[in-house]
Every structure is written in structure tokens, then in C-alpha cells.
Amino acid sequence: MGRPDGPGGPGGLDHRILSAVHARAAHPGVARAARALSRAGEHGVLWLAVGAAGAVADSPRRAAWLRATALTAGAHLAGMGLKRIVRRPRPRHVEPLVRTAGRHSFPSSHAASAGAAAVAYGALGAYAVPPLAVAMCLSRLVVGVHYPSDVAAGAALGVLTASLGARRTAAGGRRG
């Protein structure tokens, strides 16, 4: 029961969902937007820029913005580390619309940083970040470089990282 093309093989749910979502890339506007989001999310750059902008624009809460940015970067790094352990190959049954930094797909580091940013920056009132994070996650399917389970696991990792980190920061703040 091998998995040559990824989770579940050619007939698996991950494979079928990716094929269906990737088919939306046939619309030029969708493909363009997905590529732009994917590029902006490389190495968490978009989310680090949002955190830096928040720290500059909201100086009374600068420390909170910097903590949120650190949590977002940490989620991205955790995703990259897990990729090196799991080593799931990227999908091969769809033509990717972007180049990737590596050949492994689980979990999606783009989704990890997006999930963390949604939680961490959303808690600071950046209400546009969560929907943008969802769009970032979906873009990884549209461009054909991740299975849905890669994206879901990455997003869950990011949400968990930011939630636990924020809880720990809050607990530390109450003690001191």
C-alpha cells in the first residue's frame, strides 16, 4: 500500500482535493494572486513585515508586536524543521506554478507562519491578517506545491505555536 504520489496515492482524498483546487489556477487572476501570495510568504517575509510595521506604528504595544513576530517566526522555523524529519515529497500529479525552496512538503511552512500570524496579530487587532492567512494557505494548493493535509498541519502548528507562546508570555507577565 505505497504512497507514490503522496497521501493516499492517486485515488486518495488529499490527491483529489489538491487536483480540484489546483484546477482553479486555470483562471489567470486566481493564478496570479496565488503566485503573489506564495512569493510574499516565502520564509515568512510577509508576516515578519506585518509584525515590524505593527511594532513601528503601535509604539505603546511595541513589545507585544515583537513577541507576536517572534512567535510567527518560530512557527515558520518549526515547520521547516518538521519537514526535514517527515520528508514527504511534494505533489507530482499537478504542475507547480511556483518554485519552492525545498522538495519536502509536510508541513507547509507558509501555513505555519500564516496560522501563527493570524492568532498573534489578530489578538493585537490586526483583523485583516486572519483572512489573508487563509488566502495564503489556499494559495499553496492553487499553485500545486502542497497537499491539503500539509497545509492543515502547518496551519495547526502555527496556531498552536502562537497560542501556547501567547499563553506562556501572559503567564510570565502575571508572575513578574
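Colleague: Which residues is Y121 in contact with, leaving aside its neighbours within four places in sequence?

Modeller: Contact means heavy atoms within 4.5 Å. With those neighbours set aside, Y121 touches W47, L48, V50, G51, W65, A68, T69, T72, A116, A126 and V129.

Colleague: What should I know about the model first?

Modeller: It is a predicted model: local features need pLDDT of at least 70, side-chain atom pairs count only at pLDDT 80 or more, and totals for chains, interfaces and linings use all residues. Residues are numbered from 1 along each chain as its sequence is written, and side-chain values use heavy atoms, with hydrogens and water left out.

Colleague: How many helices and strands does the protein have?

Modeller: Elements are DSSP runs, numbered from the N terminus: helices are H or I with at least four residues, strands are E with at least two. Here the tally is 7 helices and 0 strands. From the N terminus the order reads α-α-α-α-α-α-α.

Colleague: How do I read burial, and what share of the protein is buried?

Modeller: Of the 176 residues, 42% count as buried. Areas come from the Shrake-Rupley method with a 1.4 Å probe; for residues, only the protein chains shown count as cover. The accessible surface is about 9,000 Å², and carbon and sulfur atoms hold 66% of that.

Colleague: What percentage of contacts joins residues at least 24 apart?

Modeller: Take contacts between residues at least 6 apart in sequence; 78% of them join residues at least 24 apart.

Colleague: Now the core. Which members of the largest nonpolar core touch the most other members?

Modeller: A nonpolar core is a set of buried Ala, Val, Leu, Ile, Met, Phe, Trp, Tyr and Cys residues joined through side-chain atoms within 4.5 Å. The largest one has 27 residues, and W47, W65, A114, Y121 and V129 touch the most other members. At least two residues of this core come from each of α3 (45–57), α4 (62–86), α5 (109–122), α6 (129–142) and α7 (148–175). Helix α5 gives the largest share, 8 residues. Another core, of 7 residues, lies apart from this one; its members include A25, A31, V98 and V143.

Colleague: Where does V30 sit?

Modeller: V30 belongs to helix α2 (residues 28–41). V30 is partly exposed, at 33% relative accessibility. Beyond neighbours within four places in sequence, V30 contacts R24, A25 and V142. V30 and V142 are 112 residues apart in sequence, yet their C-alpha atoms are 8.1 Å apart.

Colleague: On to charges. How many salt bridges are there?

Modeller: Side chains of opposite charge can pair when their charged atoms come close. The rule asks for a side-chain nitrogen of Lys or Arg within 4 Å of a carboxyl oxygen of Asp or Glu. By this rule there are 2 salt bridges.

Colleague: Which residue forms a salt bridge with R88?

Modeller: D150 does, with the closest N and O atoms 2.3 Å apart. D150 lies in helix α7 and R88 in the loop between α4 and α5, so the pair ties together parts 62 residues apart in sequence. D150 is buried, at 0% relative accessible area. R88 also counts as buried, at 14%.

Colleague: And which side chain meets D58 in a salt bridge?

Modeller: R61, with N to O at 2.6 Å. D58 is buried, at 18% relative accessible area, while R61 is partly exposed, at 35%.

Colleague: What does the side chain of S108 reach?

Modeller: A polar contact is a pair of N or O atoms within 3.5 Å; within protein, one must be able to donate a hydrogen and the other to accept it, and residues adjacent in sequence count only if both atoms are side-chain atoms. The S108 side chain reaches the backbone nitrogen of H110 at 3.4 Å. S108 is in the loop between α4 and α5. S108 is buried, with 0% relative accessible area. Leaving aside neighbours within four places in sequence, S108 contacts K83, R140, H146, D150, V151 and G154.

Colleague: Is A101 buried or exposed?

Modeller: Exposed, at 67% relative accessible area. A101 is also found in the loop between α4 and α5. Past neighbours within four places in sequence, A101 contacts E42 and H43.

Colleague: Last one. Which residues form a nonpolar patch on the surface?

Modeller: Patch residues have over 30% relative accessible area and no salt bridge; like charges are joined within 9 Å, nonpolar side chains (Val, Leu, Ile, Met, Phe, Trp, Tyr) within 5 Å. L82, I85 and V86 form the patch, with about 270 Å² of accessible area together. L82 is in helix α4 and is partly exposed, at 35% relative accessibility.

Notes
Buried < 20%, exposed > 50% of the residue type's maximum accessible area, 1.4 Å probe, protein only.
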